[in-house]
Amino acid sequence: LQHREEILCCFLRAFQESTSLKELYIIFSLNGEPSNLALENMLTHTQSLRSLSLIYQNEEDIDVAAVRSGLKKNTTLRELTLVFPQGATAVSPILTNLRDHPHLRRLCLHGFVVDLTGLETVLLSENSKITELEIHRSESFWCLHPLRGLPRVLEALARRPTLTKLGLRKYALGRDEARQLKTVLRNTPSLQSLDLARNVLGSAGLAELAPALYHNTSIKELDLSDNNLNKKKSARLLRGILLHNKTLTTLVLSANPFGHTTGAVERIADG
């Protein structure tokens with residue numbers, strides 16, 4: 001482990017001095033203070049890094065102070081992906097330090113995400129440049145644990161008209177959240193990509209979103225896969241979306257068992 005730590009520190013110092021490295025993907029596991037300090041210095045002094053993915057395999061590997069300090073001083077990143085392990089509770093302090101980042105456009109939160117507190121602060125900041133937001137929860141985890149802070153995030157998104165891409169996967173969206181999301185869609189004229197895969201929308205959730213999707217003139221990509229859509233009502237709503245929306249070029253409906261309902265496939269095909 002000591003040898004592994006030395007290797008990682010060596011690479012991080014080299015990355016810090018590089019003037020050409022644009023993309024970096026790091027898996028942290030059982031790292032210590034030297035590598036965390038090296039990460040902080042790399043984020044602070046990099047001249048070229050544009051895209052960073054930090055994947056944490058254990059909660060104790062997350063040095064919040066180092067990440068916060070490095071991101072607060074960073075001026076080069078355009079894209080940031082944070083993958084959290086089970087039990088991680090240190091999301092909020094990291095997020096709040098992104099609100100004044102001068103260039104960050106794309107933020108992705110993956111893995112065992114349980115609390116979005118702090119993200120609304122970033123989205124409401126006048127200095128924030130974020131136009132793409134992606135929240136994808138862990139495969140075996142999403143249906144067992146609620147996602148705290150989502151209503152506040154949706155409220156903030158409704159006041160961010162410059163958003164171009166939104167991904168919200170593996171969260172059991174209720175009618176209240178779907179209603180909030182409808183407001184987001186109506187207030188975001190620049191949104192081009194919407195990914196709502198595996199959110200257990202059902203006919204009721206889709207009915208909440210449909211009015212906004214009927215008249216949307218910006219969304220080109222829509223993913224509704226694996227959302228428990230199988231009834232005639234769902235098929236009728238999709239038919240209406242397809243007939244009214246002239247902007248869509250990509251529609252994903254996989255893992256919705258319409259074939260079990262007589263006439264459902266025909267309605268969608270008619271649309």
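The expected span of a helix is 1.5 Å times one less than its number of residues. Helices here are DSSP runs of H or I with at least four residues, and strands are E runs of at least two, numbered from the N terminus.

Before the details, a caution. This is a predicted model: local features need pLDDT of at least 70, side-chain atom pairs count only at pLDDT 80 or more, and totals for chains, interfaces and linings use all residues. Residues are numbered from 1 along each chain as its sequence is written, and side-chain values use heavy atoms, with hydrogens and water left out.

Start with helix 2, residues 33-45. It has 13 residues and reaches 18 Å from first C-alpha to last, close to the 18 Å expected at 1.5 Å a residue. Its buried residues (under 20% relative accessible area, 1.4 Å probe, protein chains only) are Ser35, Asn36, Ala38, Leu39, Glu40, Met42 and Leu43. Their cover includes helix 1, strand 1, strand 2 and helix 3.

Now helix 2 against helix 3. The axes, lines fitted to C-alpha atoms over the stretch in contact, lie 7 Å apart at about 10°. The two helices are therefore roughly parallel (under 35 degrees). In contact, meaning heavy atoms within 4.5 Å, are Asn36, Leu39, Glu40, Leu43 and Thr44 of helix 2 with Ala66, Val67, Ser69, Gly70, Leu71 and Lys73 of helix 3.

Next pair: helix 6, residues 150-157, and helix 7, residues 175-187. Their axes come within 8 Å and cross at roughly 15°. That makes helix 6 roughly parallel to helix 7. Leu150, Pro151, Leu154, Glu155 and Leu157 in helix 6 meet Glu177, Gln180, Leu181 and Val184 in helix 7.

Methods. Axes fitted to C-alpha atoms, helices over the stretch in contact; angles between N-to-C directions. Parallel < 35°, antiparallel > 145°, perpendicular 65-115°, else oblique. Buried < 20%, exposed > 50% of the residue type's maximum accessible area, 1.4 Å probe, protein only.
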